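Subject: Structure handover

Hello,

Here is the structure we talked about. Please open it first, then read my notes beside it.

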Amino acid sequence: MERIPILRMGNYLLVTIQVDMHDRLAMTLQDDLTQQISKTGAIGVLIDISSLEIVDSFIGRTLANIAAMARVLDAETVVVGMQPAVAITLVELGMSLPGVRTALNVESGMELLQTSRGSFARGMQDDSSGN
Amino acid sequence: MSKIAEVLQKHQGPLLDEWMKRLLEGSRRTDLISDKELKAQATELLGSITTSARSGKVSEVNGPEWSATREMLHEIAASRAKQGFTSSETATFVLSMKQPTFSAVRSEFAKDTDAQYQEIWAATTLLDKLALLTTDEFLAAKEQMISRQQEELLELSTPVVKLWDGILALPMIGTLDSARTQVVMESLLQAIVETNSKVAIIDITGVPTVDTLVAQHLIKTITAARLMGADCIISGVRPQIAQTIVHLGINLTDVITKAKLSDAFALALAKSGRAVVKVSEPAARMPGREA
Amino acid sequence: MTQAATETLPITSASDIVAVRQKTRELAIQLKFTLVDQTKMVTAASELARNALEHGKGGSCQIEVVKNGVREGLRLMFQDHGPGIADLDLAMRDGYTTGGGLGLGLSGSKRLVNDFEIHSMPGQGTTVTITRWK
C-alpha cells in the first residue's frame, strides 16, 4: 500500500506531501506519524506542503488532527510552504487551522520548532511597551 | 420570401455610392478613419449582408446564416470603440444604409407598390436589427476596454515594497473595493512567498474609509498570510477609522494594529530579531553637502 | 446558453474524489482560469464530491464547459442517491454537520464559486450545481 515517507532528522520528523492525497492516504499518514512520534520520541514534526495544490476541509482537518495528536505525545508540529492560492481558498472555505503552527519554508519551520519547544503561543505578541 | 438579396445584388454599385455619400456628409470623423477605409468597410459589409440575405431569412439575425455578418459587425464595432467613436456614430454607419436601400427597392419595384412596401419594411427591420447588434457589440467592446484599464490601474496602485530582509510593506491608497482587495491580497501573498518575508505591514494611511466588507477582506488577507507562515501588521489607522471599526463591531482582536507606519516597522524589526543601533560616527557624508 | 463537452464521473469510492479533482483541474486549466480560481473550483469540487460519497451514499458528477454569451465557465453537477436534506437552510450554515466533519462543505463551497444551486428532498437524494465563470 502506498504511504507517504517519513524522514527522521535527529529528534525531528520530516514529511513532504507531494501527491494529490486521497482520503485513505491522509488517514494512513496520520496513523504512521503518531506511531513514529511515539516510537522515536520525536519532539517536533515538520510537514512540508509546498507541493500541495489542493487542501480541502478533509486534508485541513487531517493536518489539525496530526498537530493535536502530536501535542498529546509532547511533540510540536509545524506546517510549511502553503501556497498562496491554497491559503486564499482555505480562508474562503472558513478554515483557519487552529492549533497548527505554520512557517514559510523548511528552514524557518525548523527554526520555529527548535526555538519554541513547549510553547503554545501563536502568532506575534504585541509589544506595546511605550511604542 | 424576401427579395432583398436580389435588390442589394443588382443595385450594389449605386447603393454603395449613395451610402458613401451619406457617410461622408454626415458626422464625418476624418480624424479617426480615412475615406478609403470607410469605403472598404462599407463594401465588405454590403457584400456580407447580401450573402446572408440570400438565405431568405431577413427577420432574424441571430441564426447561423448571419454569423459572418455578425462577426464583421463585431469587428467594426470593436475597432470603432477603440478608435474613440461614439455609439451613435457607430450605429449610424449601419443605419445610413437605409436610404440608399429604399431607393434601390423603389427603383426595382417601381410598378408594384405592394412589393415596395414589403421590401422596404423587410429592409428597415433588418437594418434596425443589425444596427442594434452593432451597438451591443460596441458597448461590450467598451466594457472590455474599461475593465482592462481598471486591471492595469489596480496593479499599478498596489505596489508591494520590501522594507528590509523579510519585511514587506503594502501602502494602500484610495478607496478599497472588493475587486481591488482581491488583487491586493493575491499580490501580497505572492510577494511573501517570493521574498521569504515573515512580516507584512499593510499601511492604510491613504485609505479614507473602511467599511465592514473592506475590513473582512483585510482580515481574510491576514488569515491567509498566517496560514502561510507570515504575520501582518496593519498600520496607519487614523482615529476616524478606529471609530468606524468599533462602531461597526468589527473584531480585530487577533490583528496587530499600529497608528504609525514607523511603529509597525520597529515592531517588525524586533520580531525578526533586529534592532536599529546608533553608531558614533556617521558612515559617510551625504552627496551635495559640502563642508 | 450553449454548451460544449460534457463528462460524467462516478462517485463511488474515495479515489473517485481524486478523479473529480483532477478532471476539474484539467478543464479549469484548459479554460485558462487563474491559479486562484482553479484552486477554488477544484477545492469546491472535492468538498461536494466527498459530500456525495459520505452523506449521499455515492452518486455522480457531471462536469461541463458552459458558455453564456461571450463568457465561458465550468459547471459541475453533483447528484447523489442519499437520504436527501430535510432542512436546507440549516445545512447551508457554517459549522452545521451531521457527519462529525467541520460542516463547511456546502457553505464553504458556495463561497468558492460564482453560481451555486442545491436541490434536495428527503428520500430523493441531493443535487448540487456549481459554476465558475472566467
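Start in chain A. Strand E2 (residues 12–16) and strand E3 (residues 44–48) of chain A run parallel, joined by 5 bridges. Look at Thr16(A) in particular: opposite it, in E3(A), stands Asp48(A). Keep in mind that this is a predicted model.

**The sheet in chain A**

Now zoom out. The open sheet in chain A has 5 strands, ordered E1-E2-E3-E4-E5, and its pairing is mixed. Which strands stand at the edges? They are strand E1 (6–9) and strand E5 (101–103) of chain A. Each has a single partner strand, so one side of each lacks a neighbour in the sheet. From one strand to the next, the twist averages 25°. A helix packs on this sheet too: H2(A) touches E3 and strand E4 (76–80) of chain A. The direction of H2(A) makes about 155° with that of E4(A).

Strands of a sheet pair through backbone hydrogen bonds, and they do so either parallel or antiparallel.

**The sheet in chain B**

Chain B has an open sheet of 5 strands, with mixed pairing and the order E1-E2-E3-E4-E5. Strand E1 (161–164) and strand E5 (256–258) of chain B are at the edges. Each of them has a single partner strand, so one side is left without a neighbour in the sheet. Neighbouring strands are turned by 30° against each other on average, direction ignored.

Strand E2 (residues 167–173) and strand E3 (residues 199–206) of chain B pair in the parallel sense, over 6 bridges. Pro171(B) has Asp203(B) in E3(B) as its bridge partner.

Two helices to find on this sheet:

- Helix H8 (residues 178–195) of chain B touches E1, E2 and E3 of chain B, and its direction makes about 165° with that of E2(B).
- Helix H9 (residues 212–228) of chain B touches E3 and strand E4 (231–235) of chain B, and its direction makes about 150° with that of E4(B).

**Where A meets C**

Next, the contact between chains. 18 residues of chain A are in contact with 23 residues of chain C. Helix H1 (23–40), helix H2 (57–72) and helix H3 (84–93) of chain A each supply at least two residues of that side of chain A. The largest share, 6 residues, comes from H3(A). What classes of residue make up the side of chain A that touches chain C? There are 7 nonpolar, 4 polar and 7 charged residues.

**The cores**

In soluble globular proteins, nonpolar side chains tend to be buried together. The largest nonpolar core here has 105 residues. Those with the most contacts inside it are Ala87(A), Ala200(B), Ile201(B), Met228(B) and Ala49(C). Helix H2 (residues 35–54) of chain C gives this core its largest share, 9 residues.

Chain A averages a pLDDT of 87, and 88% of the residues score at least 70. Be careful with residues 118–131 of chain A, where pLDDT stays under 50. Where pLDDT is low, the predicted coordinates should not be read in detail. Chain B averages 86, with 95% of the residues at 70 or above. Among its elements, helix H1 (residues 4–10) of chain B has the lowest mean pLDDT (84), and E4(B) has the highest (94).

Best wishes

Note on methods. Residues are numbered from 1 along each chain as its sequence is written. Chains are lettered from A and ligands numbered from 1 in the order in which they are written. This is a predicted model: local features need pLDDT of at least 70, side-chain atom pairs count only at pLDDT 80 or more; totals for chains, interfaces and linings use all residues. Two residues are in contact if their C-beta atoms, placed from the backbone, lie within 7 Å. Helices (H or I, at least four residues) and strands (E, at least two) are DSSP runs, numbered from the N terminus. Ala, Val, Leu, Ile, Met, Phe, Trp, Tyr, Cys and Pro count as nonpolar, Asp, Glu, Lys and Arg as charged, and the others, Gly among them, as polar. A nonpolar core is a set of buried Ala, Val, Leu, Ile, Met, Phe, Trp, Tyr and Cys residues joined through C-beta atoms within 7 Å. A residue is buried if 20 or more other C-beta atoms lie within 10 Å of its own, exposed if 12 or fewer, and partly exposed in between; C-beta atoms are placed from the backbone. Two strands pair if DSSP finds at least two bridges between them. Axes are lines fitted to C-alpha atoms, for helices over the stretch in contact, and angles run from 0 to 180 degrees between N-to-C directions. pLDDT is the predictor's confidence in each residue, from 0 to 100.
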